[in-house]
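Reader: I would like to learn how to read a few features of this model. Where do we begin?

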Amino acid sequence: MNGGTPGQLVIISGPSGAGKSTVVGRLLAECELPLELSVSATTRRPRPGEVQGKDYHFLSRDQFLARRDNGEFLEWKEVFGRGDYYGTLLGTVTAGVNAGKWVVLEIDVEGAMTVIETYPDAITIFLHPGSTGELERRLRERGTDSADAIARRLEVARREMTFRDRYKHHVQNDAVDKAVAEVCGILNARAAAATTKSPSDTTR
Ligand code: 5GP
């Protein structure tokens with residue numbers, strides 16, 4: 001807690017290529033709430049421009065599995081079936097929430113379902129690109145993945161879309177400015193509602 005202001009968990013999921021990272025980056029910079037990104041751990045290799053500890057905690061497979069076995073993850077998943085692990089660090093989330101932060105988790109749908117079990121009051125937002133055709137165009141344009149990897153991501157995306165209805169809020173990212181404003185609006189509405197309730201009603 002921070003002067004009595006309750007912390008909160010914000011889960012943002014959506015198919016890879018839906019523009020989650022861009023929207024989340026802008027959200028953190030522009031939305032006037034005490035937002036804090038939960039930096040996940042992963043065994044995938046950094047993409048050009050990604051920074052250790054800022055975009056992800058990039059770990060070797062051995063390091064990841066040791067931390068998993070040590071119970072350090074709130075949730076973890078092998079994403080894309082190619083041996084890359086991703087996980088949310090429990091310490092990051094609890095430290096943030098206890099400090100009154102709105103901790104933002106940008107994680108896949110299965111990880112999100114696990115987190116919701118522990119934090120049923122989490123604000124869940126599904127960000128989608130509109131159609132899988134649009135998604136394919138974006139993945140190709142991004143140019144960071146091979147044709148094989150794109151095919152795998154599209155397959156995963158189709159499956160991820162089926163989880164849409166498990167999220168309280170759906171935001172279409174056809175224009176980044178609009179999507180950021182919409183997500184920020186959802187969070188501000190929740191903040192306004194929380195001020196009318198006691199913290200114990202709104203925080204886990
Ligand atoms: P990317 O490799 O493009 O950064 O992320 C691939 C996918 O992994 C995205 O859908 C992203 O949301 C998801 N992801 C990132 N961090 C985590 C995490 O800590 N846990 C889970 N379950 N998924 C994650």
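Author: With disulfides. A disulfide is a pair of cysteine sulfur atoms within 2.5 Å. By this rule the count comes to one disulfide. Cys31 is joined to Cys184, with an S to S distance of 2.1 Å.

Reader: What should I know about the source of the coordinates?

Author: The model is predicted: local features need pLDDT of at least 70, side-chain atom pairs count only at pLDDT 80 or more, and totals for chains, interfaces and linings use all residues. Residues are numbered from 1 along each chain as its sequence is written, and side-chain values use heavy atoms, with hydrogens and water left out.

Reader: Why is the disulfide of Cys31 and Cys184 right-handed?

Author: The torsion about its S-S bond is about 85°, so the disulfide of Cys31 and Cys184 is right-handed. Cys31 lies in the loop between helix H1 (20-30) and strand S2 (35-37), and Cys184 in helix H7 (residues 176-195), so the pair ties together parts that are 153 residues apart in sequence. Helices (H or I, at least four residues) and strands (E, at least two) are DSSP runs, numbered from the N terminus.

Reader: Which side chain has an N or O atom 2.5 Å from an oxygen atom of the ligand?

Author: A polar contact is a pair of N or O atoms within 3.5 Å. The side chain of Tyr86 has such an atom 2.5 Å from a ligand oxygen. A polar backbone atom of Gly87 is 3.1 Å from an oxygen atom of the ligand. For a backbone N or O atom of Thr88, the distance to a ligand oxygen is 3.3 Å.

Reader: Which strand gives the largest share of the shell around the ligand?

Author: S6 does, with three residues.

Notes. Polar contact = N/O pair within 3.5 Å; in protein donor to acceptor, adjacent residues only side chain to side chain.
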